Amino acid sequence: MGQHSKGNLVIIGGAEDKYGDSRILQEVVDIIGGDEARVGIITTATQQPEEVGEEYRDVFLRLGVRETEIININTRDEANHEDNIRRIRDVTGFFFTGGDQLRITSILGGTRVYEALHDSFNHGTAVVGTSAGASVMCSTMIVEGNSNDAARKCTLKMAPGLRFLEGVIIDQHFDQRGRLGRLLCGIAENPGILGIGIDEDTAIKVYPEEYFEVLGNNAVTVVDGRSIKSTNVSELEPDEILTITNASLHILSRGYGFDFKRREVITIH
C-alpha cells in the first residue's frame, strides 16, 4: 500500500435504522469525519435516485454531517464526465444506496469515476454500501439466486463487483430472506474465498489491517470453504440438491469480528 493507507469499508446488510438511534449510520458519519464529513451519496443502483438520494441526505444531515452531495450517475457517459470526477474527489466518504447491483457495475465499471473511487479509497477515503451497494463491494458479487430454498447446484448467478474487498462474496438481507443456501452454493463453486452473509440492520466495518468488526443489531454469517472435503458441484444435473461437506461456519454478533489473514474469529474490545 506504499505510504498511503486504504480507507475503511462499511458494508450494510440493508434495511438499516434511519430514524431511531441509527447506530450503523452514526458509525458511518463518525468514520467519514463527523461534523466535518462531506458524504457523497451515489444513487446509481436505484430507479428513484431523487427520492432515495434526498432521504439519505436528510438522514445524514440529521446525524450531523457538514455537507452531502447526491451523485446521480445513470449512464456510462456521465461516469466519464469531468464534473462527476471532481465531485468524487471532493468528498470524505461515499455511500452506495440499495437497488440493483448490476446497474452499479455496468454503469461505473471501467470508467473514470470507477478509477477516481478507487484512487480515493486507496488514499484513505471511506466507502459504504447498503443492500445492493453492499454486494458490489467485493470482486465477485451475487446477482441472483434462490432465497428461502434448499441449496441447489448451479442456481447462482454471479458477476464482477467493484473490487474494494478481495477474496470474499457478500450477501445481504441474509437471514431475513433465507439466503444461506445460495451463499453455500457460491462457496462450493469458489472454495478458496470467504462467504459473508449480513443480516438487515447489521454491518461489517472492514479495517485496512484486514479484519472486520460486526456492527448493528443482528448477525453476520461467515462461511469458510477452505476446509471443504467434497461437493457435488458440476454442470451435470444443475438443479440437483447441493452436497457440501466439512465447510466451516461462524455466526457473529456485535462485539465479534473476523481476521481475514488468519481466518479466525476475534473479539472486539
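Select helix H5 (112-122) and display its side chains; the buried residues of this helix are Val-113, Tyr-114, Ala-116, Leu-117, His-118, Ser-120 and Phe-121. Buried means under 20% relative accessible area, exposed over 50%, and partly exposed in between, with a 1.4 Å probe and protein chains only. Helices (H or I, at least four residues) and strands (E, at least two) are DSSP runs, numbered from the N terminus. This is a predicted model, in which local features need pLDDT of at least 70 and side-chain atom pairs count only at pLDDT 80 or more, while totals for chains, interfaces and linings use all residues. Residues are numbered from 1 along each chain as its sequence is written, and side-chain values use heavy atoms, with hydrogens and water left out.

Contact means heavy atoms within 4.5 Å. Following H5, select Gly-124, which has a positive phi near 105 degrees.

Now move to His-173, in the loop between strand E8 (168-172) and helix H7 (180-189). Is this residue buried or exposed? His-173 counts as buried, because its relative accessible area is 7%. Its side chain and that of Ser-131 are joined by a polar contact of 2.8 Å. A polar contact is a pair of N or O atoms within 3.5 Å; within protein, one must be able to donate a hydrogen and the other to accept it, and residues adjacent in sequence count only if both atoms are side-chain atoms. Leaving aside neighbours within four places in sequence, the contacts of His-173 include Gly-13, Arg-179 and Ile-198.

Proceed to Asp-199, in the loop between strands E9 (194-198) and E10 (202-207). The side chain of Asp-199 reaches the backbone nitrogen of Asp-175 at 3.0 Å. Beyond neighbours within four places in sequence, Asp-199 is in contact with Gly-13, Phe-174, Asp-175, Gln-176, Asn-218 and Ala-219.

Finally, select Ile-70 in strand E3 (residues 67-71). Ile-70 counts as buried because its relative accessibility is 16%. Not counting residues up to four places away in sequence, Ile-70 touches Ile-41, Thr-43, Gly-53, Glu-54, Arg-57 and Arg-87.
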